[in-house]
Amino acid sequence: MSLVADKITLNRPKQSTDSMDSDSSEQARPLIRVSDFDFFYGDKQALFDVNMEMMENEVTAFIGPSGCGKSTLLRCINRMNDLVDVARIGRGTIEVSGANIYDPQVDTIELRKRVGMVFQKSNPFPKSIYENVVYGLRIQGINRKSTLDEAVERCLKGAALWEEVRDRLDTSGLSLSGGQQQRLCIARALAVEPDILLMDEPCSALDPVATAKVEELIHSLKDNYTIVIVTHNMQQAARVSDRTAFFYLGKLIEMGQTEQIFMSPNNEQTEAYISGRFG
Amino acid sequence: MTTATTVQPAPAASPISFRQKPSRAKLIERIFFWIFRCGTYFIVLCSSFIFLTIAYKGGQTVFQTSFPFLNMEFLTESPQTLHVFEYEGQKYEMSDQDFRAFREERGVDISTTTYAHSGGGIWPCIVGTVMLVIGSMAIALTLGVLSAIFLSEYSRPGRVLNAVRLSILNLAGVPSIVFGIFGVGMFVLAFGWGTSLMAGWFTLAFMVLPIVISASEESLRAIPQGLREASLALGASKWTAIRTNVLPYAMPGILTSSIIGVARVAGETAPIMFTAAFAIRDQLPWEGLDRWYDFFFEGVMALPYHIYVVSAKIPQNEYTERMQYGTAFVFLFIVASIALASILLRIRMRSKYRW
Ligand SMILES: Nc1ncnc2c1ncn2[C@@H]1O[C@H](COP(=O)(O)OP(=O)(O)OP(=O)(O)O)[C@@H](O)[C@H]1O
Ligand SMILES: [Mg+2]
């Protein structure tokens, strides 16, 4: 099954075609499904039998102590782990809108266009703000000035950065502040028009004001994107996410509606971690 | 001197002394300091002696006191035989060409003492060396960058890769004469290129390849992984990511190190002695060609080989010494200019791309 063909399915108005309707959400459709997933770095197993679903147009938060495999799972969703030489999948599949992304037929380029990623350490290119945003379009061969101009404005507005940088689009992306750089990276990811945005601790290097801006942004992006965010900040997870998944030592311990996870977790370990009585 | 229960204020009467006391450790420290210092000064002394000698003696050949202050004959003419003679009570030193004109004009036969290679200039050598440098650099950069990209971006780490790296490193330790012999065997004889620019280019390029490859790999590794990941995450193919977000930023480092490497091998005589250099060639490389591509299969004169010829292959006298130092001076100047250019290039490119 090709990923390009699926895109059409994806953009159709929501309908409950899937029989897999989990708990209370009335019309949420699972967009990403991880099944029986084992993952290894060399001989070291990093993920153990992970089963989970991430719903369309929702924010899913991954929480858990350091080294428990949150980033690993996140990077598996857009096959970023292909870059790691020792990485390999033991068992299981990850499906994005029904297509197994580890199928040998899958074009990782097409996949990554649909599954964007924002990294923990903001990494703007050492180019102008403008060129940063249009990079994803340029490499697709889109060079029409009007299209690019339009995309820059739309994405920078989408990333709540437009007002701050509209007068200096040709200055280097590296001249921005840390928070602005992170929003620039988000704008850059939006330009490719992905369906899914993966964010690995996007606020870990930001001050509270910048964090608030990014969180606001995540809220507003929810309408058009499916977002998966890794965070170490419990309040942040509670504020921005619809669902929360708690990982511990490579295992998915508990997953559910964010209120439920934070108010009445079913698992002792989850409770201990959330209330800060951990380890 | 405090007890667990009461803390006495430190007695103000005896302040701690920081005054130096003589000790064994300090003496050793001083001795070593001076050993290191003398070592460094010795090297500085030696190299300044070499440079100053060349600059002083070479300067006498290259510069002159009257306008245009540069010895244009030396810089623009071919090496010629020098005629030294007396005519009507005056002593003359003249290159072959001038001497013939002089004799023609006077219409007399003049007896002279001749000195091979001591008249005229070194223009063909300058041209030849510049061409050798440019050509070998182009070849070495192309091959070197390609293989560095493969090694550091595409290949999987493992035993094979280590073996390849090791052999490249070892290549750097091979003496230049071996490259020269290899060049003769491979390019001059087996490929039938003869003593030619092509053979010289490839021999020099192979010699500088280890430097180019290591420098390129190092520069590529210095580019943050984040840039590659960010490009890939935006839907770039691996090559697109490298082309747009790795190579441009690695290029300053690659160029600088490579240029310095090339400048160094440009000074080698052994690899070009048998592959590209002629002791004397009347025509410049682009003169007297039947077909345009014959250009690549003609030998050239080159500065390092010329220095070798004038200082080891012909009878020595005061006139050849002038040539030796003049040539060495010009050669040093060219090499220094290349190095300087590469440093300026790096500064310019660094300020353009910064992260
Ligand atoms: N490239 C790699 N090679 C080998 N092991 C790795 C690699 N990346 C991660 N690991 C290991 O996999 C495990 C999970 O790492 P991961 O980065 O997913 O943790 P994390 O939950 O994101 O932690 P943090 O909150 O600190 O970011 C860790 O034990 C880590 O040491
Ligand atoms: Mg992480």
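Analyst: In this predicted model, domain 1 of chain B and domain 2 of chain B bury about 780 Å² between them, with 60% of that area on carbon and sulfur atoms. Buried area here is the accessible area (1.4 Å probe) that two parts lose on being put together, summed over both. On the domain 1 side, Y115(B), H117(B) and S118(B) lose the most area to domain 2 of chain B, and together they make up 66% of what that side buries.

Across the boundary, 10 residues of domain 1 of chain B are in contact (heavy atoms within 4.5 Å) with 11 residues of domain 2 of chain B.

The count between the two domains is 1 salt bridge, a term for a side-chain nitrogen of Lys or Arg within 4 Å of a carboxyl oxygen of Asp or Glu. E93(B) forms a salt bridge with R322(B), and their closest N and O atoms are 3.2 Å apart.

As to conventions, residues are numbered from 1 along each chain as its sequence is written, chains are lettered from A and ligands numbered from 1 in the order in which they are written, and side-chain values use heavy atoms, with hydrogens and water left out. Since the model is predicted, local features need pLDDT of at least 70 and side-chain atom pairs count only at pLDDT 80 or more, while totals for chains, interfaces and linings use all residues.
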